[in-house]
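Please look over the sequence and the model shown below before reading on. The report then takes up a strand and its partners, a set of charged pairs and a pocket.

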Amino acid sequence: TVYSGEVEAFDDDEVRLLEGVAEDVSFGLDARAAVSGQQAAEAARRTSEEGFRLLFRRHPQPMWAYDERTLRFLEVNDAALARYGYSRDEFLAMRIPEIRPPEDVPRLLEALAAGPPEHGHWGVYRHRTKAGETFPVEITAYPAEGAGWSSLVMAQDVSERLRTEQALVYQATHDPLTGLANRALLSDRLTHALARARRVADGLAVIFVDLDRFKVINDGRGH
C-alpha cells in the first residue's frame with residue numbers, strides 16, 4: 001500500500017508503479033534475511049563440527065571413526081595413536097579387524113553382523129597394539145553421521161579393573177595362607193558338580209583329606 005500526505009497525490013499508474021517497487025524491495029529484504037539465516041545456520045554447523053572434532057581429538061580415551069561398509073578407519077584421536085603405537089597414516093590404511101588377535105576376528109564379525117546393541121555398549125574385547133601387546137578394552141560405539149563418519153568408537157582399557165576384580169574373586173574363594181580353595185569355592189564347585197551328575201545321570205565322589213597338626217601352622221601363620 002502507498003500512502004501520501006496529499007489527497008490524490010498519485011494517479012493510478014504511479015500507484016501501480018510504486019506498489020511494484022515496494023513489492024520488489026520487500027522481496028529483496030526477505031531474500032536477504034533468508035540468506036543471512038542460512039549463512040548463520042551454516043556458520044553454527046561449522047562451529048559445532050569443529051568443536052566436536054576438537055573434543056574427539058583431545059579425548060583421553062582412544063577413539064576412532066570407521067566406515068561400517070568397509071570397516072576401514074576414517075579418523076583416530078591422539079590417545080589411540082599413543083596406546084596402539086600406530087601413526088595416523090598407518091591407522092587410516094587399516095581395517096578394524098587388524099587391531100584384534102586373529103582368533104577374535106570371527107566374534108567381531110558376528111557382532112557387527114548382528115547390529116549395534118542397545119545403548120551402544122558392545123562389551124569387552126581383546127585388542128592388539130603394533131608391538132603385539134594384547135589387552136582388554138570395553139567398547140562403546142554410536143552412529144556419527146553428523147560428522148561425516150559412519151560410526152564413532154571409544155575403547156577404554158580395562159586391564160586394571162579386570163585385575164582388581166580377579167584379585168577380589170581369588171581372595172573370596174581361596175585361603176590366604178595356603179592358596180588352596182576355601183569352603184566358598186568348594187561349595188560352588190560341589191553345587192555345579194551335583195547339578196551335572198543329575199543331568200547326565202552319573203555318580204560323584206568327594207575326597208576328604210585330614211592333615212595332622214595343621215592347626216599348629218594355622219594358629220601360628222594363619223589369621
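The sections below describe these topics in turn.

## Basis of the model

This is a predicted model, in which local features need pLDDT of at least 70 and side-chain atom pairs count only at pLDDT 80 or more, while totals for chains, interfaces and linings use all residues. Residues are numbered from 1 along each chain as its sequence is written, and side-chain values use heavy atoms, with hydrogens and water left out.

Helices (H or I, at least four residues) and strands (E, at least two) are DSSP runs, numbered from the N terminus, and two strands are said to pair if DSSP finds at least two bridges between them. Strand S1 covers residues 63–66. S1 runs antiparallel to S5 and is joined to it by four bridges, with Met 63 standing opposite Met 154 in S5. S1 is also antiparallel to strand S2 (residues 73–76), with three bridges between them, and here Tyr 66 stands opposite Phe 73. S1 and S2 form a hairpin with six residues between them, and Leu 71 in the turn has a positive phi of about 65°.

In a regular strand the side chains alternate between the two faces of the sheet. Buried here means under 20% relative accessible area, exposed means over 50%, and partly exposed lies in between (1.4 Å probe, protein chains only).

## Salt bridges

Side chains of opposite charge can pair when their charged atoms come close. With a salt bridge taken as a side-chain nitrogen of Lys or Arg within 4 Å of a carboxyl oxygen of Asp or Glu, the count comes to twelve salt bridges. One of them joins Asp 78 to Arg 88, with the closest N and O atoms 3.5 Å apart. This pair links distant parts of the chain, ten residues apart, with Asp 78 in helix H2 (residues 78–84) and Arg 88 in helix H3 (residues 88–92). Asp 78 is partly exposed at a relative accessible area of 40%, and Arg 88 is partly exposed at 28%. Asp 78 and Arg 88 also belong, together with Glu 75, to a network of salt bridges.

Arg 83 forms a salt bridge with Asp 157, where the closest N and O atoms are 3.2 Å apart. The pair reaches from helix H2 to strand S5 (residues 151–157), over 74 residues of the chain. Arg 83 is partly exposed at 25% relative accessibility, as is Asp 157 at 32%. In a further pair, Arg 126 and Asp 104 have their closest N and O atoms 2.9 Å apart. Arg 126 lies in strand S3 (residues 121–128) and Asp 104 in the loop between H3 and helix H4 (105–114), so this pair ties together parts that are 22 residues apart in sequence. Arg 126 is partly exposed, at 34%, whereas Asp 104 counts as buried, at 17%.

## The second largest pocket

A pocket is found on a 1 Å grid over the protein atoms alone, as an open set of points where a 1.4 Å probe fits, with protein on both sides within 12 Å along at least five of seven lines, and its lining residues have an atom within 4 Å of a point. The second largest pocket holds about 190 Å³ of space, a volume being the space filled by probe spheres set on the points, which are joined across faces, edges and corners.

The lining includes Tyr 66, Leu 71, Trp 122 and Ser 151. Strand S4 (residues 134–143) gives the most to this lining, with three residues. The lining residues divide into eight nonpolar, three polar and one charged, where Ala, Val, Leu, Ile, Met, Phe, Trp, Tyr, Cys and Pro count as nonpolar, Asp, Glu, Lys and Arg as charged, and the others, Gly among them, as polar.
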